[in-house]
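Biologist: Can we go through this one together? I'd like to start with what your terms cover.

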Amino acid sequence: MSDGPLAAVVDYGAGNLVSIDQALATAGAQVRCVTRGADIDGADLLVVPGVGAAAPAMDRLGAAGFIEPILGWIAADRPFLGICLGLQLLFEGSDEDGAGTLGVLPGRTERLADAPTLPHIGWNQVSRTRPHPAFDGIDEGADFYFVHSYVGVLPDQDDEAILARTTHGSSFVSAVARGRLLGVQFHPERSGVDGLRLVANVVRLAAGERSPATPSSSAA
Amino acid sequence: MLRRRVIPCLDVAHGRVVKGTRFVDLVDAGDPPELAERYAREGADELVYLDITAAPEERGTLLDIVERTARRAFIPLTVGGGVRSVDEMRDVLRAGADKVSLNTRAVAEPDLVSRCAARFGSQAVVVAIDARRVTGDGPRDAGGNAVASGFEVVVRGGRDPVGLDAVAWAVRAVELGAGELLVTSIDRDGTGAGFDTDLLRSIADRVEVPVIASGGAAGPADFVAAVREGGADAVLAAGIFHRREVSIADVKAGMAAAGLPVRGTPSEVAA
């Protein structure tokens, strides 16, 4: 679909981008994988995927000039999807390697407590604490695919940004939403039909936020 | 609650899925992405591709298959066979794989596990261990000691012993950075005699990372035993699925009836 919203996927060398690219395209988005911060101009949705550790990710984001554009994008409350590490980087810092991260959300990324196995790998239930349009059409408690050892911990367990929880040993926050920002600890692009539905909802919401009067600064 | 995973494994050679017994008498069994999509539809929780040629001149073909699979089957994909360096792992991940499985190469060059984990995270590094029971006096490890656990590592498709205790190697692999272990019993592989739950339990009790059981599945009861008795987090099989002797739904129904948490078969197909 040539007239779908333009999703910019931040490519900072963190592995598989094919799955999220295809999931967004399947949902009707135009997809641009961007390797420099300036290239997010003109996008309708910013997606930060990623797996792995925080420090090398922050180094690569910094080297490619992504930090300020991402912070500006979120500060302007534009549609944003952070996946796995892309969610963890929104917190203030990581206990994994001591890295300072973006600080958009309060709290730090900590090792999953009391987990029977680590990494937490596989399908697990995502239980919403409140309704959100990103989960339209998805059953409460549906399974999504996780692969991580660390998780963002908000200081206030009743923080209104908390959208969903999952249990692996102990309960942790598996999705947050604040304004047009959505962050998920699981991988919707690897979570079958329900994952594709979530991505489609995110694309649809981003399409609804487009302001047709604003000329795009990109030639795409 | 974390679900116990059911994982079909597809042997890939020359761009096709092949069937055979222990890498011989190979028969063409179809287009990998097509089969992968079918398994995803039938409820597979993940997929594993094993490149049984592992030939450098066929890397392009493999990467093409990985990308076509990632664009059709929206479940995790692990690729094993032939990865010899961090750069080769990067290529496989960029093509659309989520994890890479290291086997013979990890034994020969343990540092490769560390380097891959440092670059891509432990969650992307699976160490595959092919093991067999040591009988009688049995072989001795490199230091001349008896293999303490009773299981030894074999490489090159399960043919060559390397004088390494399988349980000790499992522990070491995790220390090096493996995020998951794929444990195959060479004694049981292809026999339908059930998983070697002693082998699985010896390893699962010693590591924190998930253990994937492999080798010997004949029916749903074997999958239950791999989890219950072996302590496996996930169970892998090839032949019984390819030959359509047992469906993924059959296996999951058996596991659910035994009280194990499994993910339901998707009720709806992403067409």
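Modeller: A residue is buried when 20 or more other C-beta atoms lie within 10 Å of its own, exposed at 12 or fewer and partly exposed in between, with C-beta atoms placed from the backbone. This is a predicted model, in which local features need pLDDT of at least 70 and side-chain atom pairs count only at pLDDT 80 or more, while totals for chains, interfaces and linings use all residues. Residues are numbered from 1 along each chain as its sequence is written, and chains are lettered from A and ligands numbered from 1 in the order in which they are written.

Biologist: Where is A:C84, then?

Modeller: A:C84 sits in the loop between β4 and α4 (85–88) of chain A. Helices (H or I, at least four residues) and strands (E, at least two) are DSSP runs, numbered from the N terminus.

Biologist: Is A:C84 buried or exposed?

Modeller: A:C84 counts as buried, because it has 28 C-beta neighbours inside 10 Å. Its phi is positive, near 55°, and it is a residue other than glycine.

Biologist: What about phi of A:D77?

Modeller: Phi of A:D77 is near 55° as well, again a positive value in a residue other than glycine. A:D77 belongs to the loop between α3 (67–75) and β4 (80–83) of chain A. A:D77 counts as exposed, because there are 12 C-beta neighbours inside 10 Å.

Biologist: Which residues does the cis peptide bond join?

Modeller: A:L118 and A:P119, with omega about 0°. A:P119 is in the loop between β6 (108–111) and β7 (120–125) of chain A.

Biologist: Changing topic. How many residues does each chain put into the contact?

Modeller: Chain A contributes 30 residues and chain B 34; two residues are in contact if their C-beta atoms lie within 7 Å. On the side of chain B that touches chain A, α2 (59–70) and α3 (86–94) of chain B each supply at least two residues.

Biologist: What does B:D98 touch?

Modeller: Leaving out residues up to four places away in sequence, B:D98 touches A:N16 and A:R190 in chain A, and B:P76, B:L77, B:T78 and B:A124 in chain B. The C-alpha atoms of B:D98 and B:A124 are separated by 6.2 Å, although the two residues are 26 residues apart along the chain. B:D98 is in the loop between α3 and β6 (99–102) of chain B.

Biologist: Why does B:D98 count as buried?

Modeller: Because B:D98 has 28 C-beta neighbours inside 10 Å.

Biologist: Back to α3(B). At what angle does it pack with α5 of chain B?

Modeller: About 45°, with the axes of α3(B) and α5 (residues 111–120) of chain B 10 Å apart. Axes are lines fitted to C-alpha atoms, for helices over the stretch in contact, and angles run from 0 to 180 degrees between N-to-C directions.

Biologist: And which residues meet there, between α3(B) and α5(B)?

Modeller: From α3(B), B:V86, B:M89 and B:L93; from α5(B), B:R115, B:C116, B:R119 and B:F120.

Biologist: Last one: which residues of helix α10 of chain B are buried?

Modeller: In α10 (residues 248–257) of chain B they are B:I248, B:V251, B:K252 and B:M255. They cover an arc of only 95° around the axis, so they are on the same side of α10(B); the arc is that of the directions from the helix axis to the C-beta atoms.

Biologist: What do the buried residues of α10(B) pack against?

Modeller: Against β1 (5–13), α1 (32–41), α8 (220–228) and α9 (239–242) of chain B. After α10(B) comes B:G259, with a positive phi near 90°.
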